[in-house]
Amino acid sequence: MTTDTVTDVFEEHRPVLLGVAYRMLGRVADAEDVVQDAWLRWSGGDRAGVREPRGYLVRVTTRLALDRLRRIKARGETYVGPWLPEPYVTAFGDTVPDTAERAVLADSVSLAVLVVMESLSPLERAVFVLREAFGYPYADIAAVLDRGEPAVRQLAGRARKHVEERRPRYRVDPAQRRDLTERFLAAATDGDLEGLLELLAPDARLVGDSGGKSRAPLRVLEGADHVGRFLLGVARKGVPDLSFRFLELNGGPAVVVLSGDETDSVVQLDVADGRVRTVYVIRNPDKLRPLAAAR
């Protein structure tokens with residue numbers, strides 16, 4: 001391959017590689033580092049025997065992400081307050097035209113599913129991502145992970161059962177979710193507690209992620225009244241030079257809250273039966289920094 005061809009082939013598959021790495025790690029910067037390492041191995045390695053570049057690159061990326069995930073787990077890092085994945089821009093556009101495939105990809109990168117996946121072992125997470133998000137055959141996953149196919153099937157079954165037991169069991173039309181998000185934002189900014197309570201499910205939860213670096217609840221808030229009153233309290237305190245922007249993050253509509261030119265927070269809702277089940281609020285500045293380019 002010429003230098004240009006080597007680069008073009010890699011760039012063609014970069015979105016898939018980043019998608020695999022992010023689902024494995026839940027961290028944008030780590031995922032980008034893994035993809036960069038994959039590029040170095042691709043550009044500097046012997047490609048003479050590579051007949052399927054996509055398969056080769058996914059294998060390299062998965063193994064690099066797996067090694068990084070194991071190191072993270074081994075360090076036993078402590079996190080202040082609830083943990084949420086970094087917001088990930090998922091404007092699939094025309095790259096994923098099929099509705100069914102788009103739904104699978106969006107679900108596999110949702111905040112709710114990624115939080116559940118944090119409790120999987122690194123190998124279970126790798127198998128789950130490759131099988132459930134990208135539809136790889138068991139034989140191919142076995143080759144990627146250098147494991148026997150029966151072992152991979154067992155890992156897949158265990159991971160799927162774990163995630164299915166804890167993931168939300170509902171599908172929501174994207175337009176309905178966007179509409180409810182807009183109504184929720186209007187009620188919160190207008191100080192309309194009654195309007196918020198109409199939108200919140202009785203057992204609604206609020207999960208705030210600050211990493212101890214900004215103000216957010218250090219515990220999950222439970223119950224519609226508790227969540228609603230907390231949100232109104234935040235609204236009353238106000239944000240200087242407040243503005244909002246909608247982005248598609250983690251497979252669904254999200255509100256980026258801006259204070260002047262700075263990203264203050266990201267708010268995203270999990271919705272079922274026309275009500276808000278979970279309010280996710282990300283305020284850790286380290287996790288918000290990558291969004292500056294997307295705005």
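# Chat about loops and a sheet

Reader: Hi! Where is the place of aspartate 273?

Author: Aspartate 273 lies in the loop between strand S5 (262-272) and strand S6 (275-282). Helices (H or I, at least four residues) and strands (E, at least two) are DSSP runs, numbered from the N terminus. One thing to keep in mind is that this is a predicted model, where local features need pLDDT of at least 70 and side-chain atom pairs count only at pLDDT 80 or more, while totals for chains, interfaces and linings use all residues. Residues are numbered from 1 along each chain as its sequence is written, and side-chain values use heavy atoms, with hydrogens and water left out.

Reader: Thanks! What about the phi of aspartate 273?

Author: Aspartate 273 is not a glycine, yet its phi is positive, about 55 degrees.

Reader: And is aspartate 273 buried or exposed?

Author: Aspartate 273 is exposed, at 80% relative accessible area. Buried means under 20%, exposed over 50%, and partly exposed in between (1.4 Å probe, protein chains only).

Reader: Which loop holds asparagine 250?

Author: Asparagine 250 is in the loop between S3 and strand S4 (252-259). Asparagine 250 also has a positive phi, about 50 degrees, without being a glycine. With a relative accessible area of 3%, asparagine 250 is buried.

Reader: Nice pair. In what order do the strands of the sheet come?

Author: The six strands form an open sheet in the order S2-S1-S6-S5-S4-S3, with mixed pairing. Strands S2 (221-222) and S3 (242-249) are at the edges with a single partner strand each, so one side of each has no neighbour in the sheet. Two strands pair if DSSP finds at least two bridges between them.

Reader: How many bridges join S1 to S2?

Author: Two bridges join S1 (residues 200-209) to S2, and these strands run antiparallel. Leucine 206 is opposite leucine 221 in S2.

Reader: What's the overall secondary structure, and how many residues count as buried?

Author: The chain has 12 helices and six strands, and 49% of its 295 residues count as buried.

Reader: What share of the contacts is between residues 24 or more positions apart?

Author: Such residues account for 66% of the contacts with a separation of 6 or more, where contact means heavy atoms within 4.5 Å.
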